[in-house]
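Thanks, everyone, for making the time this morning.

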Amino acid sequence: RKRQRYVEKDGKCNVQHGNVRETYRYLTDIFTTLVDLKWRFSLLIFILAYALTWLFFGLIWWVIAYSRGDLEHLGDHSWTPCVNNLNGFVSAFLFSIETETTIGYGHRVITDTCPEGIVLLLLQAILGSMVNAFMVGCMFVKISQPNKRAETLVFSSHAVVSLRDDRLCLMFRVGDLRDSHIVEASIRAKLIQSKQTQEGEFIPLDQTDLSVGFETGDDRLFLVSPLIISHEIDERSPFWDVSRGQLERDDFEIVVILEGMVEATGMLCQVCSSYLVDEVLWG
């Protein structure tokens with residue numbers, strides 16, 4: 001039967017979060033929530049954030065002009081309006097865009113006889129700066145995320161169990177396709193399988209560390225050319241009592257995680273892959 005993966009070959013985790021009741025926690029960290037959204041939703045929120053603020057303040061500018069009677073004195077040169085050349089909602093909307101984006105064409109301009117307009121101008125300038133900082137910050141972080149860099153870090157499609165220096169080892173290979181290096185690269189490996197404790201507790205997805213050189217420093221990689229990562233099967237290894245026949249019948253998954261900083265941006269990059277039982281070749 002086809003085994004269900006915990007982690008896909010490309011690093012995506014097959015875990016769906018269901019029955020989450022405290023959804024308000026996503027809103028308390030709204031910045032991370034927006035960054036984690038898919039691109040189509042991020043672009044939609046980016047457009048709506050600006051369009052709604054322009055419309056909202058444009059409506060207020062129109063209400064001010066309407067309440068002061070500016071729209072009733074169009075063409076009256078003896079009347080001093082709140083905003084010159086504001087003759088309807090469309091012009092109020094355009095003035096709102098000019099104010100928030102600091103374009104300032106000069107055709108429509110606020111006068112000094114409108115205190116409520118001056119207060120609104122200050123509020124829109126401050127709020128507009130906050131919207132710009134928040135949305136541009138989200139987009140910058142989303143664009144500079146090192147997810148695409150992870151696609152050029154490649155793991156071997158299979159792992160092998162064979163002798164190396166007369167010691168039985170579990171090995172797989174990793175390589176970098178780019179000329180720019182991953183700085184401070186390190187690698188970890190986890191064994192994912194079900195487990196039953198001595199007290200009878202069943203743990204469906206128990207995680208066990210597989211030593212890939214943490215004690216000796218071999219887990220710190222200089223990833224210039226493809227490297228072979230080795231886990232020695234000794235008395236401390238969870239595979240110590242596993243024979244070849246038992247390995248083929250067993251049900252487990254080996255998840256490997258490579259982490260490091262992208263040399264070009266200095267951001268932390270993480271790439272994962274996994275090996276099922278039928279992807280571990282003996283000998």
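If we sort the lining of the second largest pocket by residue class, we find 6 nonpolar, 6 polar and 9 charged residues. Please keep in mind throughout that what you see is a predicted model.

Let me turn now to the largest pocket, whose volume comes to about 1000 Å³. Its lining consists of 26 residues, and the ones closest to the centre are Lys-12, Gln-145, Asn-147, Lys-148 and Glu-151. Which elements give two or more residues to that lining? They are the helices α2 (30-36), α5 (115-143) and α6 (147-150), together with the strands β1 (153-155) and β9 (268-276), and among these β9 gives the most, namely 6 residues. In terms of domains, at least three lining residues come from domain 1 (23-144) and at least three from domain 2 (148-282). By class, the lining of the largest pocket has 13 nonpolar, 5 polar and 8 charged residues.

That brings me to the cysteines. The structure contains 1 disulfide, which links Cys-82 to Cys-114 with a sulfur-to-sulfur distance of 2.1 Å. Is this disulfide left-handed or right-handed? The torsion about the S-S bond is about -75 degrees, and the disulfide is therefore left-handed. Since Cys-82 sits in the loop between α3 (39-68) and α4 (89-100), while Cys-114 sits in the loop between α4 and α5, the pair ties together parts that lie 32 residues apart in sequence. Both of these cysteines, Cys-82 and Cys-114, are buried.

Cys-272, by contrast, is in no disulfide, and the nearest cysteine sulfur, which belongs to Cys-13, is 6.1 Å away. Why do we call Cys-272 buried? Its relative accessible area is 13%, and the term applies to anything under 20%. By that same cut-off, Cys-169 also counts as buried, because its relative accessibility is 5%.

I will stop there and take questions.

How values were computed. Residues are numbered from 1 along each chain as its sequence is written. This is a predicted model: local features need pLDDT of at least 70, side-chain atom pairs count only at pLDDT 80 or more; totals for chains, interfaces and linings use all residues. Side-chain values use heavy atoms; hydrogens and water are left out. On a 1 Å grid over the protein atoms alone, a cavity is a set of points where a 1.4 Å probe fits but cannot get out, and a pocket is an open set with protein on both sides within 12 Å along at least five of seven lines; lining residues have an atom within 4 Å of a point. Grid points are joined across faces, edges and corners, and a volume is the space filled by probe spheres set on the points. Helices (H or I, at least four residues) and strands (E, at least two) are DSSP runs, numbered from the N terminus. Ala, Val, Leu, Ile, Met, Phe, Trp, Tyr, Cys and Pro count as nonpolar, Asp, Glu, Lys and Arg as charged, and the others, Gly among them, as polar. Domain bounds come from an automatic or database domain assignment. A disulfide is a pair of cysteine sulfur atoms within 2.5 Å. Buried means under 20% relative accessible area, exposed over 50%, partly exposed in between (1.4 Å probe, protein chains only).
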